[in-house]
Amino acid sequence: MILPSHLSVRGGHLHIGEHDTVALAERFGTPLYVTDEDRVRENFRRLSEALTAHYPKVRILYAAKANGNLAIFRALASLGAGADVFSAGELTLALAAGMQPDTLLFNGSSKAPADLALAVEKGVRVSVDSLDELRQLDRAAGAAGKTVEIAFRVNPAIDVPTHPKIATGLATSKFGIPASEILDAYRHALAAEHINPIGIHCHIGSQILAVEPFAREVEVLIGVARDLIDIGVDPSFIDIGGGLGIPYRRETDRAPAPEEYAGAVMPVFLKGIKELGIEPELWVEPGRWLVADSTVLLSRVNSVKTAHKTFANVDAGFNLLVRPTMYDSYHEVVAANRADAPAVREYSIAGPICETGDILAKDRMLPELHAGDIIAVLDAGAYGFAMSSQYNSRPRCAEVLLSGGKAALMRRAETIEDLTALMATPPWQA
Ligand code: LLP
């Protein structure tokens, strides 16, 4: 088994950073998300250095949807990250973590009037997704006596090699304005009284394991910049979104390193802006690449059953990690308390949810598993807890953050009381 450098096997136990995952499971209980803050920091620095080696004016906007814990925002804010925020909640958390309004971009294809008003109030730039939204934002800014700086979200009609549910730049996806209509949109923005169009935004999809689509995307955006200059807009940022994938199957996935990503994207960007005689900032919006591998989901085996195949029934299911069910995603599984034992049997790791699709991992060769054993699901830091639910009335689990030798809760587990806390009794039932 190939492990990333912050994971190791010592004394038969899987360790994350300096910590024994089995001891963490005992101390904090299971299921449990455990995140290594040092790894998040290392990932940020590596990506940042890879990009700035080509061009100094790079800004990293963390795609907050990947992991919305305030502690993750704080860690990234302390390194100078801004954020791609997709909701009033993400915007508020980013500001609460100390990120400055001018390091945020409010994205989304369906913003409510209250979202637009919040962006205006906080002085956060907006990625506008339609002319309808532009008109509403102009009115909101006018009502507040302010001007809002915007980008338009460009739909570049680029097909990317990833799961169809997370390819966002397809011509038919719900995001953005077709590249062929984008110039007209900027003309409308120039004519709007309270709007200042200063940027270009795009995002082609997620978990992309090739660099060539990103280079094509940048070419499209340079083309947009060329047209903008013709109508008198000198773009001050070009935001190419996120999407860089990680090798969930470490044995076989060929995942581009950040240096390779930068090596494909930056020359196209630099050649383009040089020809145009402009020096915009380059913005990127990585989510998964910064946080996915920093986190393991620890789960305890409740029972083992052989019925046609062998199931290890564990205490975490798609209520806590929906990716395998939703996207057929692969996550590596390690028998955390027997990590150096030989793999002797094929197991399917099944969650406690009342659905056939509640399988975290299918047909994996693992050491002999018994009730009480701990399994670790790797690379669970992006779109893991963030997409969790209370389905089957299961309280969500705790999240622990590690830093060096320290371990502390960054979110307590919900209780059964928490499940009912927000429910109300209609008067006729009282
Ligand atoms: N920027 C925008 C506008 C986005 O919509 C996204 C992700 C990102 C950046 C970050 O993409 P990343 O670097 O993380 O690939 N739940 C799915 C992924 C959905 C991605 C949605 N948008 C999953 O679990 O794979």
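1. Let's start at helix H2 (residues 37-52), which gives the second largest pocket the largest share of its lining, four residues. Helices here are DSSP runs of H or I with at least four residues, numbered from the N terminus. A pocket, on a 1 Å grid over the protein atoms alone, is an open set of points where a 1.4 Å probe fits, with protein on both sides within 12 Å along at least five of seven lines; lining residues have an atom within 4 Å of a point.

2. Before going on, note that this is a predicted model: local features need pLDDT of at least 70 and side-chain atom pairs pLDDT 80 or more, while totals for chains, interfaces and linings use all residues. Residues are numbered from 1 along each chain as its sequence is written, and side-chain values use heavy atoms, with hydrogens and water left out.

3. Back to the second largest pocket: it holds about 320 Å³ of space, a volume being the space filled by probe spheres set on the points, which are joined across faces, edges and corners. Its lining counts 16 residues, and Arg39, Arg46, Pro247, Trp289 and Asp293 lie nearest its centre. By class, that lining has eight nonpolar, three polar and five charged residues. Here Ala, Val, Leu, Ile, Met, Phe, Trp, Tyr, Cys and Pro count as nonpolar, Asp, Glu, Lys and Arg as charged, and the others, Gly among them, as polar.

4. Now the largest pocket, with about 650 Å³ of space. Of its 32 lining residues, Lys65, Ile166, His203, Ser206 and Tyr383 lie nearest the centre. Helix H10 (288-291) and helix H11 (323-327) are the elements that give two or more residues to this lining, and H11 has the largest share with three. The lining divides into 15 nonpolar, 10 polar and seven charged residues.

5. Where does the ligand sit? In the largest pocket, meaning that more than half of its atoms lie within 2 Å of the pocket's grid points. There are 19 residues around the ligand, and Ser206, Glu285, Arg288, Arg323 and Tyr383 come nearest; to count, a residue needs a heavy atom within 4 Å. This shell has six nonpolar, seven polar and six charged residues.

6. Which polar contacts (pairs of N or O atoms within 3.5 Å) are worth a look? The side chain of Ser206 has an N or O atom 2.4 Å from a ligand oxygen. A backbone N or O atom of Gly243 is 2.9 Å from an oxygen of the ligand, and a ligand nitrogen lies 3.1 Å from a side-chain N or O atom of Asp84. The protein buries 93% of the 590 Å² that the ligand exposes when taken alone, by the Shrake-Rupley method with a 1.4 Å probe.

Key. Polar contact = N/O pair within 3.5 Å; in protein donor to acceptor, adjacent residues only side chain to side chain.
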